[in-house]
Amino acid sequence: MYVLFEEDGAFKAGTILADNDASLQVETTHGKRVKLKRAHVLLSFREPSPTDLLSRAEAAAEQLDIEFLWEVCGDEEFGFAEFAAEYQGHPPTSVEAAAILLRLHASPIWFHRKGKGRFRKAPTEILQAALAGLEKKRQQAAAIEHMRAELVEGRMPPELAALLPQALYRPDRNRLEIKALEAACVDTGLTVPRLLLKCGALESSHDFHFNRFLFEHFPEGLAFPAFDAPTAPAGLPRAEVAAFSIDDATTTEIDDAFSVTPRPGGGWRVGIHIAAPALGFERGSALDGIARRRLSTVYMPGNKITMLPDEVVTAFTLAEGRDCPAVSLYLDVNADLSVSSQESRVEMVPIVANLRHHDLEPVFNDSTLVNGGPEFPWQRELTVLWDLATVLEAGRGKPATNQTQVDYSFYVDWNTQTGDGPGYISIGERLRGSPIDKLVAELMILANTTWGKLLDQAGVPGLYRAQGGGKVRMTTVAAPHEGLGVDCYAWSSSPLRRYVDLVNQWQIIAVLTGGTPAFAPKSADLMAALRDFELTYAAYADFQRQMERYWCLRWLRQHAPEHVEAKVIRDNLVRLENVPLVFKVSSLPLQLPGSRVKLAIEGSDLLDVEVQARYVATLAEPDPEEYADSGF
């Protein structure tokens with residue numbers, strides 16, 4: 001005698017070994033012996049064998065039309081054996097009864113289970129809803145499969161292209177497009193960025209990094225919202241000076257300029273002139289809202305995202321050949337370079353030249369200042385400013401030292417196509433602390449310090465940079481900056497590029513003109529601007545560092561050197577000598593910090609921004625003084 005029963009959600013058949021009335025000892029088709037309550041037996045039969053019953057019943061169940069079974073079934077609850085008899089029109093065989101059971105059990109949408117071997121047909125409205133849901137899932141599965149196949153073949157489905165930023169940086173795994181993308185990644189063995197790069201959704205690895213930054217910090221895009229054109233200031237006095245700026249060749253937001261005018265009795269009147277966009281729009285205007293959201297210009301190799309629209313930058317940048325509104329600080333400098341008096345004014349300043357670093361540095365450098373050199377335009381004015389800067393630096397208690405730190409400049413030729421996408425990178429080296437650097441830095445420190453004191457003495461709040469105990473912070477009250485050696489330091493010299501400077505300029509202009517400050521003491525909005533600026537400025541700086549690292553890898557791939565030279569920082573961390581690229585070399589043996597080593601570049605990854613290198617040889621040990629200075 002054989003029985004059919006259900007165990008752990010599956011139907012099983014076996015041979016009865018012992019019948020104890022209330023329970024049975026049964027041996028299954030797999031040889032397992034189980035104790036089974038008689039109430040759990042669904043069907044007792046003598047033929048065929050248990051194995052044959054299940055195989056034949058499964059085959060017969062597949063032939064049964066579930067829709068027909070639902071139509072001929074009554075609305076009341078029923079047992080499968082009863083329904084099998086009604087369906088067959090005669091007492092069913094064990095195979096026929098088991099086939100009905102298996103078919104009903106496998107169709108929960110059509111028939112709801114009500115107990116062991118008992119069912120009830122689904123109500124019409126519930127069935128229709130369930131079938132609609134089933135069809136929807138079928139269509140979704142088909143759509144997923146279609147998109148997955150397209151991605152595997154290297155083609156970008158249009159449905160996914162519309163969700164590209166979200167798919168890359170914040171995927172919603174409930175969406176069909178993302179499910180298809182993840183399935184294609186499993187099939188191809190590629191990560192999402194690599195698969196999308198293969199499919200042409202990303203033009204280059206650069207787009208992956210740049211678009212991620214935009215997704216996080218510029219979700220509405222780079223286009224500026226509508227705004228009223230800035231107001232051209234009227235009635236400002238015209239300065240009787242010939243001012244000039246000093247900037248990098250790529251600078252378009254020219255914030256500062258200088259003038260040197262001989263005084264009749266000897267000495268000079270030195271002017272520090274800062275572009276004044278604060279005269280063109282007020283706090284609370286649409287342009288203020290734009291600057292408040294962006295908070296700073298974003299810099300990166302080969303590109304930048306300006307804080308203010310181009311029209312505003314063009315209107316207020318200190319471009320040569322025109323009179324520009326400016327906030328000026330004048331110093332009356334004696335022949336011995338002592339400052340006898342100073343004055344701040346709001347005025348129109350004639351800009352007669354925009355000088356560039358690459359033109360000045362060959363003729364105005366440490367060597368030409370000591371040994372002399374060829375004459376060049378603005379030589380006299382630059383020399384006066386250099387001498388004054390040297391005195392100002394010493395006055396801060398920060399005398400010049402031998403500068404050994406190198407700054408790097410990145411230039412990207414976007415018109416050149418490379419194997420890694422558009423953009424040919426050139427990286428130049430420039431020793432920090434050149435005469436031009438010192439000249440500009442010292443005069444900017446003086447302006448920011450002077451105007452910070454001006455605000456403090458007037459009782460008008462501003463945004464200050466303070467340093468104590470080695471920690472730099474921002475504050476709304478004047479406080480010492482130990483690193484610079486000044487009593488207070490209020491960023492005021494870059495109002496076209498930093499919101500903090502723009503805020504301070506509104507406050508400074510109010511003090512100089514007797515107007516109402518844009519921000520009152522203890523202003524909650526001023527504190528909010530401070531907090532937001534600190535976070536945003538740090539994020540922008542971090543992005544700039546990340547992109548400089550990315551372009552260092554592009555430079556390395558462009559030149560493809562067989563070997564490179566690097567300097568050991570500590571442990572297995574090294575820095576290349578030609579570009580500011582820092583990375584770890586797992587095979588590097590123990591070296592003294594400052595040692596020079598030769599490495600073989602074995603690979604690089606522009607998406608993860610990583611480089612793989614192998615140690616080849618030690619070229620030189622560090623100088624004893626250099627090793628002592630390293631702190632090890």
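Q: Why is Leu337 called buried?
A: In this predicted model, Leu337 has a relative accessibility of 16%, and since buried means under 20%, Leu337 counts as buried. Leu337 lies in the loop between β14 (322-333) and β15 (339-356), and its phi is near 70 degrees, a positive value in a residue other than glycine.

Q: What makes Lys522 count as exposed?
A: The relative accessibility of Lys522 is 86%, and because exposed means over 50%, Lys522 counts as exposed. Lys522 sits in the loop between α17 and α18 (524-559), and phi of Lys522 is near 60 degrees, again a positive value in a residue other than glycine.

Q: Why is Lys136 called exposed?
A: Lys136, which is found in helix α5 (residues 124-152), has a relative accessible area of 52%; the cut-off for exposed is over 50%, so Lys136 is exposed. The C-alpha atom of Lys136 is separated by 58 Å from that of Leu588, and these two residues are 452 residues apart along the chain.

Q: How do you know that Cys199 is in no disulfide?
A: A disulfide needs a pair of cysteine sulfur atoms within 2.5 Å. A search of the whole structure finds zero disulfides, and for Cys199 the nearest cysteine sulfur, that of Cys185, is 9.0 Å away.

Q: Why are Cys199 and Cys552 called buried?
A: Cys199 has a relative accessibility of 10% and Cys552 has a relative accessible area of 1%; because buried means under 20%, Cys199 counts as buried, and Cys552 is buried as well.

Q: Which residues of α16 and α17 meet?
A: On the α16 side they are Trp451, Leu454, Leu455 and Ala458, which meet Asn504, Gln507, Ile508, Val511 and Leu512 in α17. The residues of this contact of α16 with α17 divide into seven nonpolar, two polar and no charged.

How values were computed
Residues numbered from 1 in each chain as written. Predicted model: local features only at pLDDT ≥ 70, side-chain atom pairs only at ≥ 80, totals over all residues. Heavy atoms only, no water. Buried < 20%, exposed > 50% of the residue type's maximum accessible area, 1.4 Å probe, protein only. Contact = heavy atoms within 4.5 Å. Helix = DSSP H or I, 4+ residues; strand = E, 2+ residues; numbered from the N terminus. Nonpolar A, V, L, I, M, F, W, Y, C, P; charged D, E, K, R; others polar.
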